[in-house]
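Please look through the structure shown here, and then follow the explanation below, which moves from a helix to a strand and on to the ligand.

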Amino acid sequence: TSRNRCDAVSPSSSSIDVAELAEIDWDNIDFGLKPTDYMYAMKCSRDGDFSEGQLQRFGNIEINPSAAVLNYGQGLFEGLKAYRKQDGNILLFRPEENAIRMRNGAERMCMPAPSVEQFVEAVKATVLANKRWIPPPGKGSLYIRPLLMGTGPVLGLAPAPDYTFLIYVSPVGNYFKEGVAPINLIVENDFHRATPGGTGGVKTIGNYAAVLKAQAAAKAKGYSDVLYLDCLYKRYIEEVSSCNIFIVKDNVISTPAIKGTILPGITRKSIIEVARSHGFKVEERNVTVDELVEADEVFCTGTAVVLSPVGSITYKSQRVSYGEDGFGPVSKQLYTSLTSLQMGLCEDTMSWTVQL
Ligand code: COI
């Protein structure tokens, strides 16, 4: 039922001049920072206006020890990716969505934010300045990390007097060490990621520091990551430390509804739209932890993670495994549709990509 027309792309049609590429081992890139050439910085003064930003060499930044971001966590980040196509063109995936999400998060964190246009133009400039670091087609992507930070000094608890918007990039491969193989999750019963009325629904830096302890414990036991439950009833699944979660049962796809404690993932939203365009029923609702036992397939989505199949979930010492190889047919279909779109292997029927 696919509406996407996928053209076969022959490797020989590639027009990349290898001399344009940075000299790294493109066959073995993981999700780690590789320093690139340039980063972008834009300051915002007390009056809330971001001035002209500029590209500068990638490197350390100087920051006041009393900066609000260091002392009180007044900071947000974003994540998006650029892909290099066979024809040499560069594709960004839905950058305006990241700009809008940063603006929503900034409102919650009492910060001024760049306009959508400023954000997107800054992303484009940063990607183009680091073009030689965008992996060849099929070898990965350029991960783009915008930051918004209260960099002005505070001592008493208050919003910072001034702010810095910064973007750096790094070529990346697969997020999980499993690659595209299924990951194994453990449901966390003691720690919680988010609370009603808290900041779980925005991409503030503190949400990520808060999950490190549970994640470390899970990894020490051999799990890939942690699946969080709601903190009130410990009954509804919320999300994984670094991505959203979906279940598939009888070809109906369900994912926890966005209600303040769940990060509104752009890949989450895109997968919902792609699935619906393929004729699937998708429900955004409360999903109970018991439904994991009955599910046919489970998968995670995120910018870094893309779509990662879940091979097993352990809850209170009970382990449930999914399918033969853990990468079920619905997950596979959605993975292929989404990544073909992102990488420019298909006609962009959704008008989601921005070509540089
Ligand atoms: C992303 O998927 O871009 C994120 O921001 C998650 C992060 C933990 C890598």
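In helix H3, Phe-119, Ala-122, Val-123, Thr-126 and Val-127 are buried, where buried stands for 20 or more other C-beta atoms, placed from the backbone, within 10 Å of a residue's own. These residues cover an arc of only 130° around the axis, which puts them on the same side of H3; the arc is taken from the directions that lead from the helix axis to the C-beta atoms. An α-helix has 3.6 residues a turn, so residues three or four places apart point the same way. The model is a predicted one, in which local features need pLDDT of at least 70 and side-chain atom pairs count only at pLDDT 80 or more, while totals for chains, interfaces and linings use all residues. Residues are numbered from 1 along each chain as its sequence is written, and helices (H or I, at least four residues) and strands (E, at least two) are DSSP runs numbered from the N terminus.

In strand S14 (residues 297-302), six of the six residues are buried, so the strand is largely enclosed by the rest of the structure. Glu-297, Phe-299 and Thr-301 point one way from S14, whereas Val-298, Cys-300 and Gly-302 point the other way. S14 pairs in the antiparallel sense with strand S11 (residues 244-249) over five bridges, pairing being a matter of at least two DSSP bridges between two strands, and Ile-245 stands opposite Cys-300. Four bridges also join S14 to the antiparallel strand S15 (residues 306-315), with Phe-299 opposite Pro-309, and a hairpin of three residues connects S14 to S15.

The ligand is surrounded by residues including Tyr-208, Ser-242 and Gly-302, counted by a C-beta atom, placed from the backbone, within 6 Å of the molecule.

Notes: Buried ≥ 20, exposed ≤ 12 C-beta atoms within 10 Å, placed from the backbone.
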